[in-house]
2 protein chains.
Amino acid sequence: MKQRTEERMDQDLAFLLRYENIAWYEDGVVKILDRRIYPIRVEHVICKTYAEVAEAIRQMVTQSEGPYIAAAMGMVLAVQEVKDRTKETILAQSDEAAYALSHARPTTSRQMQAVVNDARQVIRDALAEGCFGQALVEAVHAYALHYLNEKYQRYTRIGQRMEELLPQRATILTQCFPGTIVGTMLRACRQKGKEVILYCAETRPYFQGARLTASVACDMGADVTVISDNMPAYVLMNKDVDVFLSASDVITRDGHVINKIGTFQIALAARYSNVPYYVTGTPDPQHRDTSQIVIEERDPRLVTESMGQKITMEGVKGYYPAFDITPPEFVSGVVTEKGVLSPYELDRYFDE
Amino acid sequence: MKQRTEERMDQDLAFLLRYENIAWYEDGVVKILDRRIYPIRVEHVICKTYAEVAEAIRQMVTQSEGPYIAAAMGMVLAVQEVKDRTKETILAQSDEAAYALSHARPTTSRQMQAVVNDARQVIRDALAEGCFGQALVEAVHAYALHYLNEKYQRYTRIGQRMEELLPQRATILTQCFPGTIVGTMLRACRQKGKEVILYCAETRPYFQGARLTASVACDMGADVTVISDNMPAYVLMNKDVDVFLSASDVITRDGHVINKIGTFQIALAARYSNVPYYVTGTPDPQHRDTSQIVIEERDPRLVTESMGQKITMEGVKGYYPAFDITPPEFVSGVVTEKGVLSPYELDRYFDE
């Protein structure tokens, strides 16, 4: 973002969604709002090196779009750490950082690689132009800011597409944290004078729905109710829900949605209740189908605990598959910045 | 239970299921294991009056079959409180206690009435025979113990029916706390040399699956894994589950199952994965269909908290419908002490 020419796209969004609270490079460090504990405590993790950013991503300090922004900002730190060394050292460092940042979590690794590879290209181009030292850091920072603002421009368009799908008074069921789009959708609804009622599945074990989605909606003045993860079918059948909405970690070109565990069983219940399921995101050119998808399994202790409090007897195991796969027949539409696509015609997204 | 003649039916069951830990009259008080915090802390609530027992039921100190036993033991306290007063006072007290105990929670009120009405009959009969004072208390206590042991006899038979449905090495998904039947089923499997692998949905907001079902299974040596409530569909599709099992709060004569919120969406996912859903319990002669069913809505704060820890921002609402309804087309069989019935032929249960 060339700050003088580009308009910041985070105006009127919730605290959680403002640039300074995602992953923000300033004064030589990257600060990341700790989404694991927000809004119970408002704390930022301060990263002084790209390795600390990679570790923060791995530890899920941030999630949803957060890791992508953090990876871009992490590349700034990577260059800053060696900015006065040789070109070869800088290039080797940028390769190492790109790998570490994009592989911090397995399921989304391919999309993360796109972000860091663009940063590497910026670094190579700048070096080729004789740009070194602080100027090089600033070139990568400009890339990261521009990447962030472009993402928000895209979210703004997707939020507008979502708004167009909603009636004047809309009841929406959400899963996990559909990220910035919750904010841009609510902003678009406000601009159009539409009233929104949200039911947010809490999304164990991290409670992203209760803590993040509900907080964003509440911050932005929506009517918001949290339910536990065993209630979506009941709410779908009893609360005149217009839309089930989730974001996606990966959408394959053949229309499968990989998203936070639980999405599929809500989509199944939505189908049973004749409620459409809309997913935001873009088809991933790297994944034609689900054959290369790795479902990440995270620390089982997170399931046998809640907010750090042990809830099971010693000897009881936990199991934590982080994502599931919803087949295209349960997806009413894929909401992209280019429009709402059928899951069966996602190749159209790549048409010019 | 005439203790000299009746064999106690709680041998080899988990701590949680032993008589002294359900609702137990001794030394003039009723002690109830606090299932809201077990196994994190092992504490009993001590009730000195029937009103305290009713309040304990309302506060969900115990649940599943616990409230029924507690109601029976509460009737002992009711008589004890006025044992040396007039017959009219004792009868009035027993009417009041019967009402308070059976109406402590709305959804299961009809079944609770059966228990307390039998106790009232015992009291009336004893009074008619000239039984007063401590002898009267002992008559009601004998009724309560007999009621408890008969319940366990029935659970033993249901556990045996469940065991017969399972392969030699069985993987079972559970919802909430299917009560004593988890224990009697595991005991029956052990007697038959069958190996059982359990996946327990944690069951927010009270975590009955994580805390109660998993503890019972672990206590009894089963291989047990807890999952959060957004994972059942994934486990059903990926873990070779043989059976989805739940208990029931009410089974209507036309085959609808009223049980802990979430049961229906798991049943839906089980159907999608071709996993049979078996429900334990007995059809309720009082409920021909769902028209008289009241779905209890409990304190919404329980959903915006987890283990007493607030998880949402101020201004975010909660919603807590405690039960849902699973229609008969999703029920593979109703496992009763008389055998496994189709949900469409439950009237057979009442045939002699």
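A disulfide is a pair of cysteine sulfur atoms within 2.5 Å. With that criterion in place, I turn to the predicted model before us. A search of the whole structure finds zero disulfides over all chains. Consider C176(A) as one case. The nearest cysteine sulfur belongs to C200(A) and is 11 Å away, so C176(A) is in no disulfide under a cut-off of 2.5 Å. C176(A) is also buried, its relative accessible area being 7%. Another cysteine, C131(A), has a relative accessible area of 17%, and because buried means under 20%, C131(A) counts as buried too.

Let me move to the helices of chain A, beginning with a pair. Helix α4, residues 109–128, and helix α5, residues 133–165, have axes that come within 10 Å and cross at roughly 145 degrees. The crossing of α4(A) past α5(A) is right-handed. Which residues make this contact? From α4(A) they are V115(A), D118(A), A119(A), V122(A), I123(A), A126(A) and L127(A). From α5(A) they are L136(A), A139(A), V140(A), Y143(A) and Y147(A). Sorted by class, the contact has 11 nonpolar residues, one charged residue and no polar ones.

The next element is helix α9 of chain A, residues 263–272. Is this helix mostly covered or mostly uncovered? It is mostly covered, with eight of its 10 residues buried. The buried residues of α9(A) are T263(A), F264(A), Q265(A), I266(A), A267(A), L268(A), A269(A) and A270(A). After α9(A) comes N274(A), and its phi is positive, near 60 degrees.

Finally, I come to the strands of chain B. Strand β1, residues 23–26, and strand β2, residues 29–33, run antiparallel and are joined by four bridges. Two residues lie between the strands of this hairpin, in which D27(B) adopts a positive phi near 55 degrees. On its other pairing, β2(B) meets strand β3, residues 44–47 of chain B, again antiparallel and over four bridges.

I32(B) in turn has V45(B) as its bridge partner in β3(B). As for burial, β2(B) is mostly covered, since four of its five residues are buried, that is, under 20% relative accessible area.

Key
Residues numbered from 1 in each chain as written. Chains lettered and ligands numbered in written order. Predicted model: local features only at pLDDT ≥ 70, side-chain atom pairs only at ≥ 80, totals over all residues. Heavy atoms only, no water. Buried < 20%, exposed > 50% of the residue type's maximum accessible area, 1.4 Å probe, protein only. Axes fitted to C-alpha atoms, helices over the stretch in contact; angles between N-to-C directions. Left-handed = near helix turned anticlockwise from the far one by under 90°. Contact = heavy atoms within 4.5 Å. Nonpolar A, V, L, I, M, F, W, Y, C, P; charged D, E, K, R; others polar. Pairing = 2+ DSSP bridges.
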